[in-house]
Amino acid sequence: MKRLVALGAVILTAAALAWAGADAPARTGGAPKPVIVKAVKGERCVESNEFMRRNHMKVLNHQRDETVIEGIRTKKFSLKQCIECHASEKTGSVAASKDDFCVSCHSYAAVKIDCFDCHSTKPQGSMAMHPLNAESAHYAHKLAATAGSKISAEEMAKVAR
Amino acid sequence: MNTMKQKSSENAQPASAERRRFMSVAGATAAGLAIAPGVMLVEVAHGRPEDQPASSAVRWGMLVDSTKCATGCNECVSACSTENGWTPVAESKHPKQAPQWIRKLELQDPLTHHETNLPMMCQHCAEPPCVDVCPTGASFKRADGIVLVNRHTCIGCRYCMMACPYKARSLVHENLHDTQKPDVPRGIGCVESCTFCVQKVDRGDGTTACVEACTAAGHNALVFGDLNDPESEISKKLREIPTKEVRADLNLNLGVRYHGI
């Protein structure tokens with residue numbers, strides 16, 4: 001009987017250790033790793049993954065000055081082109097939810113970006129995705145003007161859809 | 001040795017003469033291209049490849065014929081807000097501080113009661129006061145004469161708004177919550193104004209949203225084009241009809257000219 005209890009204790013300890021062992025990597029793993037979803041459009045990126053991971057900020061900064069000041073609008077390294085391919089299928093955006101392409105890594109690396117204070121996070125032609133954008137707001141405004149009445153935000157959203 | 005030298009110089013003589021002839025022909029051809037600016041400048045203006053910078057061979061400008069500008073018509077303003085993604089002032093929660101890239105003015109002579117309609121926007125000065133006063137260099141004039149704000153360096157101090165004699169600039173006071181157009185980035189804390197639809201110009205459309213809307217509405221009060229090209233529609237019109245600059249006394253050499261004011 002004593003032996004049986006001892007065996008049971010050994011088994012339980014081993015099980016507990018195994019359980020603890022299985023749990024250990026998750027505890028020491030730190031923050032959850034970023035989710036990197038393959039781009040929706042396009043076969044491959046304009047440069048290798050390694051290059052883009054290290055240098056995307058440099059090429060984007062360079063491109064932005066050329067585009068704004070000189071009017072050079074080449075597509076390689078343009079932020080609009082990044083968004084075109086990398087916008088998530090779920091949200092249609094690169095920065096709307098925490099798993100979206102840009103946000104996913106940037107929140108993991110704790111690097112705050114202000115690109116999307118000004119730039120749209122969605123590709124061209126995704127009007128349905130912003131029900132309150134100026135296009136639909138303007139459309140609602142026109143409707144309201146012809147009807148001679150004010151229109152609510154909910155109604156505007158409906159009109160956009 | 002001497003004879004050889006002689007020979008070689010003899011050889012050189014006709015060759016260089018030929019070269020001179022060739023050069024003069026080439027020069028004439030080049031001059032011919034320059035003389036026919038209809039061909040060359042239109043190419044520069046409308047077919048600029050996307051990897052080429054904007055060129056100072058072009059100067060974009062607009063002609064507003066206020067005699068054709070209709071009372072109560074707001075097509076140009078709506079088209080601008082749709083193209084560039086700014087909320088119409090009537091829609092805004094804070095109309096007094098709402099951004100406004102173009103606005104319609106209705107003026108009346110107090111003596112004769114004659115009414116004049118015209119759109120007012122950035123006049124795209126050749127000597128822009130907004131560029132003079134900008135402390136960070138964010139307000140700048142592009143090579144093709146379009147006056148823009150580089151939002152990457154704008155700190156929102158609003159000196160340019162005070163310097164502008166045309167009240168053409170606005171500050172974005174509120175977060176836009178990702179309602180911007182992909183082609184037209186704009187955001188909180190930055191000054192903005194009419195860009196002559198720079199995204200359309202760079203695409204090679206050769207026109208702006210307000211001009212398209214005015215033409216579509218059948219008023220034809222607006223003409224957009226290259227002021228440097230003597231064969232462009234706008235240059236021909238400017239030669240034909242008398243036009244004025246608003247506040248011509250400031251000597252800013254405006255890109256927007258008005259007829260009938």
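Start by selecting B:C210: beyond its neighbours within four places in sequence, B:C210 is in contact with B:C76, B:A79, B:C80, B:I102, B:P119 and B:L222 (contact means C-beta atoms, placed from the backbone, within 7 Å). Residues are numbered from 1 along each chain as its sequence is written, while chains are lettered from A in the order in which they are written. You are looking at a predicted model, where local features need pLDDT of at least 70, side-chain atom pairs count only at pLDDT 80 or more, and totals for chains, interfaces and linings use all residues.

Now widen the view to the largest nonpolar core, which has 50 residues. Such a core is a set of buried Ala, Val, Leu, Ile, Met, Phe, Trp, Tyr and Cys residues joined through C-beta atoms within 7 Å; buried means 20 or more other C-beta atoms within 10 Å, exposed 12 or fewer, and partly exposed in between. B:C210 is among the members that touch the most others, as are B:V64 and B:L222.

Next, pick A:L79, A:I83, A:V94 and A:F116, which belong to a second, separate core of eleven residues.

Two loops come next. A:A110, between α4 (101-108) and α5 (115-118) of chain A, has a positive phi of about 55° although it is not a glycine. A:A110 is exposed, with 7 other C-beta atoms within 10 Å. B:R247 also has a positive phi of about 55° without being a glycine, and this residue sits in the loop between α8 (233-240) and β9 of chain B.

Finally, colour chain A by pLDDT, the predictor's confidence in each residue, from 0 to 100. The chain A average is 75, and residues 20-26 of chain A stay under 50.

Technical notes:
Two residues are in contact if their C-beta atoms, placed from the backbone, lie within 7 Å. Helices (H or I, at least four residues) and strands (E, at least two) are DSSP runs, numbered from the N terminus.
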